[in-house]
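Biologist: Hi! I'm new to reading protein structures. Could you bring one up and walk me through it?

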Amino acid sequence: MANLLIFGLGYTAKRIAAAAEKRGWSVDATGSAGNVDFGDRAAVESALDRATHVLSSVPPDQAGGLDQVLSTYGRSFGAAWYGYLSSTGVYGDSQGAWVDEASPTGTGRRNARSDADALWMELGARVFRLPGIYGPGRSVLDRVQSGKARRIDLPNQVFSRVHVDDITSGVIAAIIGDAPAGAYNLGDDLPASGNAVTEHACRLLGLELPPLETLEQANLSEMARGFYSENRRVANGKAKRVLGWKSQYPTYVEGLAALL
């Protein structure tokens, strides 16, 4: 039976933990909702000793650029299976072109993430590169209903996205199949503009479209402006071939319909 240790029991990792427990696996986790205190070295090292599989969803420290999991406990890692939830932001801007796992990394705005991604790759981990994540309580439907949805006038701007349950199924497939170490993009089959997705959500809810704004008019945060500075389509063929992964929600149309 698998014994899974998760570093960082956040939105996505909670779904993975629930899926693992449903299969009868034992799960330990750090984070406010977990059962292991990240700062308790003895407890973490004990959990590492028990673990057959280790998954980190902890992002790098933006100030120092360090991966806190590796810098704190990397020397205690043994012969377990390792996985890391990374970001497709490591690919940077491709001006709307497709990127896959062989595309260069480290050229984008998320240098700390790219460095952490590279460290986990060197460790021999399965690195799951994720685009925009949506799911229950965290989707454009919620933003439209709360009046926080935006439409930004950026022609030809596209993004990839993924439903949280499809991330879960991809990670579980990689564990069950003992997937080879390396990077795997988990994204849907239809990269699309944020405007297209927002407009579809408005139609589903029967609500008016938010006004079309320029970047200047939108007065976005620095983080949000950085998001709009990159334009790419993320290919998922490797995950389908190697993991046998099949997304339950291949496009935002199916994903948003399920969330309704």
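Biologist: How many helices and strands are there in the protein chain?

Modeller: The protein chain has 11 helices and 12 strands. Helices (H or I, at least four residues) and strands (E, at least two) are DSSP runs, numbered from the N terminus. A word on the source: this is a predicted model, where local features need pLDDT of at least 70, side-chain atom pairs count only at pLDDT 80 or more, and totals for chains, interfaces and linings use all residues. Residues are numbered from 1 along each chain as its sequence is written, and side-chain values use heavy atoms, with hydrogens and water left out.

Biologist: Thanks! Why does the radius of gyration agree with a compact globule?

Modeller: Because a compact globule with 260 residues would have a radius of gyration near 18 Å, and the protein chain has 19 Å. That radius is taken over C-alpha atoms, and the globule rule is 2.2 Å times the number of residues to the power 0.38. Along the principal axes, the C-alpha atoms fill a box of roughly 55 × 35 × 35 Å.

Biologist: And what share of the 260 residues is buried?

Modeller: Buried residues make up 49% of them. Buried means under 20% relative accessible area, exposed means over 50%, and partly exposed is in between (1.4 Å probe, protein chains only).

Biologist: What about contacts between residues 24 or more positions apart?

Modeller: They account for 82% of the contacts with a separation of 6 or more. Contact here means heavy atoms within 4.5 Å.

Biologist: Let's zoom in. Where is serine 56?

Modeller: Serine 56 sits in strand β3, which covers residues 53-56.

Biologist: Is serine 56 buried or exposed?

Modeller: Buried: the relative accessible area of serine 56 is 0%. Setting aside residues up to four places away in sequence, serine 56 touches Phe7, Val69, Gly83, Tyr84, Leu85 and Trp120. A polar atom of the serine 56 side chain also lies 3.3 Å from the backbone nitrogen of valine 58.

Biologist: What do you count as a polar contact?

Modeller: A pair of N or O atoms within 3.5 Å; within protein, one must be able to donate a hydrogen and the other to accept it, and residues adjacent in sequence count only if both atoms are side-chain atoms.

Biologist: Okay, new spot. Which side chain makes a polar contact with the side chain of arginine 151?

Modeller: That of glutamate 199, at 3.0 Å. The arginine 151 side chain also has a polar atom 2.7 Å from the backbone oxygen of proline 210. Arginine 151 is in strand β8 (residues 151-152), and at 13% relative accessible area arginine 151 is buried.

Biologist: What else does arginine 151 touch?

Modeller: Leaving out residues up to four places away in sequence, its contacts include Asn195, Thr198, Leu209 and Leu212.

Biologist: Then where is threonine 251?

Modeller: Threonine 251 is in the loop between α10 and α11 (252-259). With 14% relative accessibility, threonine 251 counts as buried. Its side chain reaches the backbone nitrogen of valine 253 at 3.1 Å, and a 2.3 Å polar contact joins the side chains of threonine 251 and glutamate 254. Beyond four places in sequence, threonine 251 touches Tyr134, Asp188 and Leu190.

Biologist: And valine 242, what is it in contact with?

Modeller: Leaving aside neighbours within four places in sequence, valine 242 is in contact with Pro180 and Tyr184. Valine 242 lies in helix α10 (residues 237-243) and counts as partly exposed, at 40% relative accessibility.

Biologist: Changing topic: what is phi for asparagine 156?

Modeller: Near 70 degrees, a positive value in a residue other than glycine. Most residues other than glycine have a negative phi. Asparagine 156 is in the loop between β8 and β9 (161-163), and asparagine 156 is exposed at 69% relative accessible area.

Biologist: What about phi of aspartate 178?

Modeller: That one is near 45 degrees, again a positive value in a residue other than glycine. Aspartate 178 is in the loop between α6 (164-176) and β10 (182-185), and its relative accessible area of 51% makes it exposed.

Biologist: Last one! How far apart are glutamate 208 and isoleucine 6?

Modeller: They are 202 residues apart in sequence and 41 Å apart in space, C-alpha to C-alpha. Glutamate 208 is exposed, with a relative accessible area of 75%.
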